[in-house]
Amino acid sequence: MNNSVQRQPANSHEPSHVLKAETRNLSFFYGDKAALREVNLPVHARRATALIGPSGCGKSTLLRCFNRMHDLYPGHRYQGEIRLYPDDINLLAPETDPILVRSRIGMVFQKPNPFPKSVFENVAYGLRLRGIRQTAELEARVERALRDAALWDEVKDRLKDSAYALSGGQQQRLCIARALAVEPELLLFDEPTSALDPLATASIEELLRNLKVHVTTLIVTHNLQQAARVAEFTAFMYLGELVEFGPTEVLFNAPSQKQTEDYLAGRFG
Ligand SMILES: Nc1ncnc2c1ncn2[C@@H]1O[C@H](COP(=O)(O)OP(=O)(O)OP(=O)(O)O)[C@@H](O)[C@H]1O
């Protein structure tokens, strides 16, 4: 690995002062084990933020705090806050309903996980749950989500086929369409291309760059070049702490912390 950046997103220097979310002194414990310590991470609205760092540093743990995934397991504990804007609520407050949180904050996993349903039904599912019943509206919203996920042209004649008949990369874009259909405010990606070949990876990266027009994204990736290609902001984590955060170009080319520099130079991790 080296710290040269091949390509920067075109708008990486655009000022973005509007925050969609931020963590405030966020710590997280698996039982007694602290996996995150006092993390203060800003998440800029309609921008992509990448979380990078060596294996086990807490990237996925941090991502999963945002949609309260850890609540599904007993014995896990949050400390601190995650503010969501513009309404300025604390996502971690006991009075904040985790189901509501998950309806506003979507997640795409490492491996594509479509439902055992047709292409159309995969995307329509969440819309039906939200009470949308009219066929014309369902069809229009499914088409829009598939277009936003850059999949429409490939599946418009196969909407009734099983989602499992799609390639791995198409299945991942279907999962992104499924997440987009319900218009999330924040979309979390946990290593979304690590199970895909280079071509499928390139198409997902292109999609990630285009998504930012209307969605805020937070992306865990092991691939530093991917962070450089898709994210305006990057956070470097180590041993459960946020070591450095900044515009991707600055963090990659002129990191302020020695640990960041060592990691980018491949000296550990
Ligand atoms: N369910 C769990 N129970 C206990 N400890 C856990 C659990 N999940 C993760 N951990 C620990 O929390 C720490 C952070 O793990 P996490 O998966 O968030 O790291 P990561 O940076 O995403 O790693 P990777 O890049 O390998 O996916 C690690 O020490 C890990 O062993």
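Predicted model: local features only at pLDDT ≥ 70, side-chain atom pairs only at ≥ 80, totals over all residues.

Aspartate 148, if we leave aside its neighbours within four places in sequence, is in contact with Leu180, Leu207, Leu211 and His214, where contact means heavy atoms within 4.5 Å. Aspartate 148 is found in helix H4; helices (H or I, at least four residues) and strands (E, at least two) are DSSP runs, numbered from the N terminus. With a relative accessibility of 31%, aspartate 148 counts as partly exposed, because buried means under 20% relative accessible area, exposed over 50%, and partly exposed in between, using a 1.4 Å probe and protein chains only.

Residues are numbered from 1 along each chain as its sequence is written, and side-chain values use heavy atoms, with hydrogens and water left out.

Let me turn to the chain as a whole, which has 10 helices and 11 strands. Its radius of gyration, taken over C-alpha atoms, is 18 Å, close to the 18 Å that the globule rule gives for 269 residues, so the chain is as compact as a globular protein of that length; the rule itself is 2.2 Å times the number of residues to the power 0.38. Along its principal axes the C-alpha trace spans about 55 × 45 × 35 Å, and 52% of the 269 residues are buried. Among contacts with a separation of 6 or more, 67% are between residues 24 or more positions apart.

Now for the interior. In soluble globular proteins, nonpolar side chains tend to be buried together. A nonpolar core, as I use the term, is a set of buried Ala, Val, Leu, Ile, Met, Phe, Trp, Tyr and Cys residues joined through side-chain atoms within 4.5 Å. Which members of the largest nonpolar core touch the most other members? They are Ile52, Leu146 and Ile176, out of 49 residues, and helix H6 (residues 168-181) gives the most to this core, with 6 residues. Apart from it lies another core, of 29 residues, which includes Ala35, Leu84, Leu186 and Val220. To return to isoleucine 176, its contacts beyond four places in sequence are Val108, Ala149, Phe189, Ile204, Leu207 and Leu211.

Next, the loop between strand E7 (105-108) and helix H3 (119-129), which is the place of serine 118. Is serine 118 buried or exposed? At 17% relative accessibility it counts as buried, and a polar atom of its side chain lies 3.0 Å from the backbone nitrogen of glutamate 121. Phenylalanine 115 is found in that loop between E7 and H3 as well, but it is partly exposed, with a relative accessible area of 28%. Beyond its close sequence neighbours, within four places, phenylalanine 115 is in contact with Asn122, Tyr125, Ala163, Tyr164 and Arg178. As for H3, its buried residues include Val119, Phe120 and Leu127, and what covers the buried residues of H3 includes helix H4 (135-148), helix H5 (152-155) and H6.

The ligand has 13 residues around it, and Ser55, Gly56, Lys59, Thr61 and His222 come nearest; a residue is near a molecule if one of its heavy atoms lies within 4 Å of it. A polar side-chain atom of lysine 59 lies 2.8 Å from an oxygen atom of the ligand, and a backbone N or O atom of cysteine 57 lies 3.1 Å from an oxygen atom of the ligand. Tyrosine 30 has an N or O atom in its side chain that is 3.4 Å from a nitrogen atom of the ligand.

Finally, some backbone geometry. Most residues other than glycine have a negative phi, and most peptide bonds are trans. With that in mind, look at tyrosine 85 and proline 86, which are joined by a cis peptide bond with omega of about 10°. Proline 86 lies in the loop between strand E5 (76-84) and strand E6 (89-90), and aspartate 88, placed in the loop between E5 and E6, has a positive phi near 60°.

Methods. Polar contact = N/O pair within 3.5 Å; in protein donor to acceptor, adjacent residues only side chain to side chain.
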